[in-house]
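Subject: Structure handover

Hello,

Here is the structure for your files. My notes on what was found in it follow below.

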Amino acid sequence: MDFAWPDEIEALRCEALEVGRAAAASLSIREESWVRGFDRDFSRQLGERGWLGMTWPREVGGHERTALERFVVTEALISTGAPLAATWVGDRQIGPTLLANGSPEQIARYLPPMAAGEVTWSLGMSEPDAGSDLASLRTRAVERDGAWVIEGQKVWTSFAAVADHCYLVARTDPDAPPHAGMSEFIVHMDAPGITVAPIRDITGESHFCEVVFDGVVLPRDALVGKENGSWQQLMRQLEHERGGIDRLMSNRALYEDARATADRSNPTAAQEIAAIETMYRIVRLAVIREVIGQAPPGFSAVTKILGTELEQRIAQFVAATAGPAAMLDGRVSRAVVYAPAYTIQGGTSAILRNVIGERLLGLPRR
Amino acid sequence: MSTAAPSAGRTELVEQLDAWITGHADLLEAHREHDPRSVEQTAENERELQRLLFEDGWTRWGWPEDCGGLGGDATNRAVLYDRMGAHGYVLPELLGVVETLGPMLIEFARPIAQAHLAALLRGDEMWCQGFSEPNAGSDLASLRCKATQDDDGFVVNGQKIWVSLGHVAQWCVLLARTGSQESAHRGISMFMVDMSLPGIEVRPIRYANGRNELSELFFSDVRLPPEALIGEAGAGWNVAMYLLQWERGMYAWQRQAWLHKRLDDLVVGLGSDAGAQADRLGDVYLDLASLRATCARTVAALARGESPGPEISVDKLLLGAGEQSVIDAAIELLDADMALSPEAAGWRSDYFYARAATIYGGAAEIQRGIIAQRVLGLPREVRSGR
Amino acid sequence: MDAETREMYRKTLGGLMRRVGAEGAGESDVVAELRELGWDELTVEEPTESVALLFEEQGAALVASRALDMVVAAALGLDDRSVGIAYPEPGPTNVTSAINDDGRLTIAGLLLGASEAAEIAVPAQAGTGVVVAIVSRGALSVVEMEGFDDAAGFTRVTGVVEARHYRLLDGAAWAVAVAAGRRALAHELVGLASHMIDRAAGYVIEREQFGRPLGTFQAVQHRLADAYTGLVAARSVLAAIEPDDVLFGSLVAKAVAGRAAIRAAHSCTQVTGAIGCTWEYELHRYLRRTHALDALLGSWRALRKAIGQQMAEDGHAARLGSAPEGPAA
Ligand SMILES: Cc1cc2nc3c(=O)[nH]c(=O)nc-3n(C[C@H](O)[C@H](O)[C@H](O)COP(=O)(O)OP(=O)(O)OC[C@H]3O[C@@H](n4cnc5c(N)ncnc54)[C@H](O)[C@@H]3O)c2cc1C
Ligand SMILES: Cc1cc2nc3c(=O)[nH]c(=O)nc-3n(C[C@H](O)[C@H](O)[C@H](O)COP(=O)(O)OP(=O)(O)OC[C@H]3O[C@@H](n4cnc5c(N)ncnc54)[C@H](O)[C@@H]3O)c2cc1C
């Protein structure tokens, strides 16, 4: 087995690093670039380069490249802090979930603009009373006169204020057991009846929002996949959401800067670097395992815990390296206050540990 | 050698003790570590020291006079433990149990304490604690070892496990069920059991460090006299809870003294590398200072006759964290020698024992549950309804 | 102080702090109000407990005041307790101002509040020792901060002052003042942690997921229990400081408190989920204040290093406090 990248992949990686560096050059903060780096122009550039929908079929705007090629490109872009937020949700999980579950019409209609970097998607799952317990969500989709009518409220919906579309999970059968009564929909954010209120996050920025649906009418064909079949579809979608390289790289740029200034004669700092670098390589392999489709179902829980807890460790390392003055203002302090979110967004570590215990280790369910 | 009256001020006490320790440096030199290979050998090696500490009065401070002590409150004992560690010596290993069982006997079975405490302190006797069972560990209240009352006393049948130093003990403080199985913690009683009675079988258990730290006890139709009962019949749970406070407080204090000594050993072991490891050493220190300061408060409260309540679980967590912190740091920082060198046998043994610091005396997970539910007021866990 | 008196003071101080907290920064002069309540006498009678109560309540209510200046000024022996203090810039060195060979004082430090104080005490390196110089506020210029914790009211200041424009404080022991400041800050960190834990506990008792309160999940219980354990440890270490060992004791206390408060902040954020990551929810303001106060007068990381270095130098570990003492005969 040869772990070195083949030449053409290495060349692609270097190219992506270069593009990423150029895109991030003017940014003072390069962390969380897939969450906070919103830049539509750059998104279109990515589309032109063929770096969106890389693995998708050509007829839907994709480029039929390998998952590994997508991996090296996204890894390089995030590591440099290139602004990916405008396309990230679509490229990471909505495209793949539509390919797996969408109708031919939906695929033909929604994937090409995604791959061109022209549209932003958001993810309408969480609700005020349905966070970890997603299956308890209450937003209703009722079939009426050949259309779907949506009533309810979503929260923490990243990018909702700027998104063109929302991938919505709603309850279609209130009488069925919770997991068996949910369906997925494509929502155009300009539909009447949608109110979006940005929520300021812990750093003072507002990428996530509250979204209220008040009698929003969706066409019949807004339904994705099986009616009441969302839970099974979601399990696969969440693997994309949790098991990817973004969960490892969020503050890599900051880390690299800190590593360059750390006092390596201090064994504590040196060992911390060694530990972080070791973990980084291990998690990276776990991600690659996901990427090439060799991870068992549920394994993304392991990958996300490892990746995001490493990101938090990195935040601590950066704080220690920068010294206490850096906590009073500036980039380091921002990164440190954001870090708690890593193990909450996309499924909390406790929930993922439950998944590991129950699905991977076969421990009894509580 | 003269002994200070316990009523003498704290400063004098410390001075006299320090002088005694310095004066006995030759004898004490052999007591910088327990024998890492064997419990039995350790007991042998430390017999003389234990007797001397008693004869010269140092281990008698802080115990009531009618029980062979010299009087004064319990904090006097804390001084001895602390100074021995500060000078780089261990306490006789068999003395550890006195802090878990002694105060309980004084409180609930004075005649037993009068008859046995001095013997334990002097090293003529050894006690052990028979609580856990194969199917009653964390869930101690589910224990099944049975003590049936009849006209002559009690008849014990059942099994105990994980009994520290059980095979070198002459007496066992036993928790047994006197009520029905359903009576849970209400139907349990505490006994002082003579290990030489017919029907008791003791099997040493080799612990992960290679020493016979633990034992398994089997009781078949063991007849106990009525005086063996400690406290009232059916009140064993309360007695155990009282005992646990001392284990959490004073035993932890004893342990912190030793852990600080171990940190000293680590610093010495690192030699000129110690400065480079300042961050890590400082981290360990914060853990140990947290432990020390917290059990100091608990011990003072116990000495005032107060019951610290569920918050005392904090002491247990800090003990587990502190012990693993210093021992693990040693294993990592002295690494080149750790796995093989004969001189590191003590560290290796400590390393295995430190794993148990978050298990024995109530596992860390259980303590966290107690703090969450009984101190912070979080709701009890919901049992899965199957 | 008996329990009843302590409770009374706690109520009074807590009431004051909560009111100020509700009014917002700058609305009231905490120090002036404390004086009116008889603070100066109280600190003479109960030097330890008064500081403990005041700063714990200040932390819990997230109030920023110049109370720390007052404590440090008192420890410096200043009669005028309204003098402001130019705290050293957080970092590896203990003081960041210096008196140069030509006698000029170069100042780099932090003030609490824009500091209404007319005079500022500046600890400064002079040769191998540290002296405390008094300068007028006007001699300092303000450097903008990017506002990590605006509400803490720190101001970064610099300045170069000619020898004839400052005077040295006689017999001032900066180390003693630092110790006093560290104790006060440790108490404030304890107050912050305590409030965060209470709030998070309240939250997980109320909020339900999977048909039961979050607080029934062990993952949640255990994180809060660990946070609480750190809090108790910080309180114990503060209580273990002995009069003849205040310098070291205060250093350890601030390190333990800083570490515990930061860990508590992380645990509390985790158990409150996404809400805890928002600007509206108050937790992040406590998280910020925790870091800001940790940075002052030695962060826990800097202090643990100092402890480790001391240990390496001594060849053994100092014992914090002596064995507990029993009830007075
Ligand atoms: C920055 C950010 C961006 C986000 N973006 C999106 C988005 O774009 N779209 C979207 O739909 N959602 C989004 N979310 C929401 C996210 O998915 C939820 O926050 C997450 O699922 C947790 O839900 P909650 O916040 O309601 O926490 P809760 O479910 O209330 O959990 C609170 C605490 O309880 C613990 N807990 C809960 N249940 C259990 C259990 N069974 N066992 C043990 N512990 C448990 C949790 O681990 C957590 O520590 C985002 C969140 C953040 C922070
Ligand atoms: C070195 C050593 C010395 C000992 N000395 C003595 C002695 O002298 N006398 C004596 O009677 N006993 C002694 N014990 C036994 C000790 O008290 C028990 O080991 C302890 O109470 C745990 O019980 P267990 O081993 O059966 O573990 P279990 O109860 O089976 O627990 C196994 C694991 O499950 C976890 N767990 C259990 N219940 C829960 C729960 N409700 N929530 C979350 N986690 C849970 C535990 O935390 C632990 O991690 C000793 C043990 C050791 C290791």
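By class, ten nonpolar, seven polar and one charged residues make up the shell around ligand 2; Ala, Val, Leu, Ile, Met, Phe, Trp, Tyr, Cys and Pro count as nonpolar, Asp, Glu, Lys and Arg as charged, and the others, Gly among them, as polar.

Two points on conventions. This is a predicted model, in which local features need pLDDT of at least 70 and side-chain atom pairs count only at pLDDT 80 or more, while totals for chains, interfaces and linings use all residues. Residues are numbered from 1 along each chain as its sequence is written, chains are lettered from A and ligands numbered from 1 in the order in which they are written, and side-chain values use heavy atoms, with hydrogens and water left out.

Ligand 2

Ligand 2 lies between chains B and C. Of the 18 residues around ligand 2 (a heavy atom within 4 Å), those that come nearest are Gln129(B), Ser132(B), Ser138(B), Trp162(B) and Glu365(B). Strand S3 (153–164) and helix H12 (364–375) of chain B each supply at least two residues of this shell, and S3(B) gives the most, with three. Helices (H or I, at least four residues) and strands (E, at least two) are DSSP runs, numbered from the N terminus.

An oxygen atom of ligand 2 is 2.6 Å from an N or O atom in the side chain of Ser138(B). For Ser132(B), a backbone N or O atom lies 2.7 Å from an oxygen atom of the ligand. On chain C, a polar side-chain atom of Gln218(C) lies 2.8 Å from a nitrogen atom of ligand 2. The protein covers 69% of the 980 Å² of accessible area that ligand 2 has on its own (Shrake-Rupley method, 1.4 Å probe).

Ligand 1

The site of ligand 1 is shared between chains, because residues from chains A and C surround it. Of the 29 residues around ligand 1, Ser132(A), Trp156(A), Thr348(A), Arg207(C) and Gln270(C) come nearest. By class, this shell has 15 nonpolar, 13 polar and one charged residues.

A polar side-chain atom of Thr348(A) lies 2.5 Å from an oxygen atom of ligand 1, and a polar backbone atom of Gln270(C) is 2.7 Å from an oxygen atom of the ligand. Ser158(A) has a side-chain N or O atom 2.9 Å from a nitrogen atom of ligand 1. Taken alone, ligand 1 exposes 970 Å², of which the protein buries 92%.

Backbone

Most residues other than glycine have a negative phi. Phe159(A) has a positive phi of about 70° although it is not a glycine; Phe159(A) lies in the loop between strand S3 (147–158) and strand S4 (165–171) of chain A and is buried, with a relative accessible area of 6%. Phe210(C) also has a positive phi, of about 55°, but counts as partly exposed at 40% relative accessibility. Buried means under 20% relative accessible area, exposed over 50%, and partly exposed in between (1.4 Å probe, protein chains only).

Regards

Notes. A polar contact is a pair of N or O atoms within 3.5 Å; within protein, one must be able to donate a hydrogen and the other to accept it, and residues adjacent in sequence count only if both atoms are side-chain atoms.
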